[in-house]
Amino acid sequence: MLNALEVFTTVIVGLMVGVEFSVAFVMNRIFDALPEDSGQLARAHGGRMLGALMPFWYIGSLVLSAVWAIAGWDRPGAGLAVIAAVLLVVSVIMSLLLLVPINNRGKTWTPENRPADWKEQMNRWDRYHYVRVAVIVAAFALLVAALV
């Protein structure tokens with residue numbers, strides 16, 4: 001049963017990493033290249049859509065990793081699972097303190113009501129997001145290493 005939990009957790013975290021990597025290095029670049037107000041509207045829509053899903057994915061990944069670390073404490077790789085869970089805690093804290101406040105503002109913006117510094121706020125979100133992606137990639141890599 002623990003083996004199934006380890007594989008399931010790794011897949012769930014890996015999929016989350018893939019989505020967040022895609023947002024950082026593919027989707028936002030596409031959005032930024034769209035003409036006129038389309039990029040800002042796309043970011044707002046993405047913020048609403050992913051903003052509704054990602055909290056469950058981040059918390060779920062953290063819980064699964066923590067359960068793996070606790071249930072497999074006496075097995076090889078448990079220390080790696082613990083470190084991965086700690087990194088996922090860091091990613092949740094980063095999200096709550098740095099990214100969610102910007103996202104909550106950005107998802108309500110339209111070309112008519114957005115602030116003058118909206119691009120700067122989106123650039124700040126992007127920079128924080130790059131760091132968060134690095135953190136969750138590290139957590140994923142540790143989970144993969146804990147499997148072997």
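## Aromatic pairs

The structure holds 2 aromatic pairs. In one of them, the ring centres of Phe-21 and Phe-25 lie 4.7 Å apart and the ring planes meet at 45°, so this pair is classed as tilted. The coordinates come from a predicted model.

Phe-21 and Phe-25 both belong to helix H1, where a spacing of 4 residues separates them by about one helical turn. Phe-21 is partly exposed, at a relative accessible area of 42%, and Phe-25 is likewise partly exposed, at 33%. The rings of Phe-25 and Tyr-130 have centres 5.3 Å apart and planes at 20°; because planes under 30 degrees apart count as stacked, this pair is stacked.

## Aromatic cluster

Phe-21, Phe-25 and Tyr-130 form one aromatic cluster. Phe-25 takes part in the tilted pair with Phe-21 and in the stacked pair with Tyr-130. Tyr-130 is partly exposed, with a relative accessible area of 32%.

## Largest pocket

The largest pocket has a volume of about 630 Å³. Its lining comprises 35 residues, and those nearest the centre are Leu-50, Gly-51, Met-54, Asn-103 and Trp-125. By residue class, the lining of this pocket divides into 19 nonpolar, 12 polar and 4 charged residues.

Four helices each supply at least two residues of this lining: H1 (2-33), H2 (38-71), H3 (78-106) and H4 (118-147). Helix H2 gives the most, with 13 residues.

## Second largest pocket

The second largest pocket has a volume of about 200 Å³. It is lined by 14 residues, of which Phe-31, Asp-32, Gln-40, Trp-118 and Lys-119 lie nearest its centre. Its lining consists of 4 nonpolar, 3 polar and 7 charged residues.

Helices H1, H2 and H4 each provide at least two residues of the lining of the second largest pocket. The greatest contribution to this lining comes from H4, with 5 residues, whereas H2 gives the most to the lining of the largest pocket.

Definitions and conventions. Residues numbered from 1 in each chain as written. Predicted model: local features only at pLDDT ≥ 70, side-chain atom pairs only at ≥ 80, totals over all residues. Heavy atoms only, no water. 1 Å grid on protein atoms, 1.4 Å probe; cavity = no way out; pocket = protein on both sides within 12 Å on 5 of 7 lines; lining within 4 Å. Points joined across faces, edges and corners; volume = space filled by probe spheres on them. Nonpolar A, V, L, I, M, F, W, Y, C, P; charged D, E, K, R; others polar. Phe/Tyr/Trp six-rings, centres within 6.5 Å; stacked < 30°, edge-to-face > 60°. Buried < 20%, exposed > 50% of the residue type's maximum accessible area, 1.4 Å probe, protein only.
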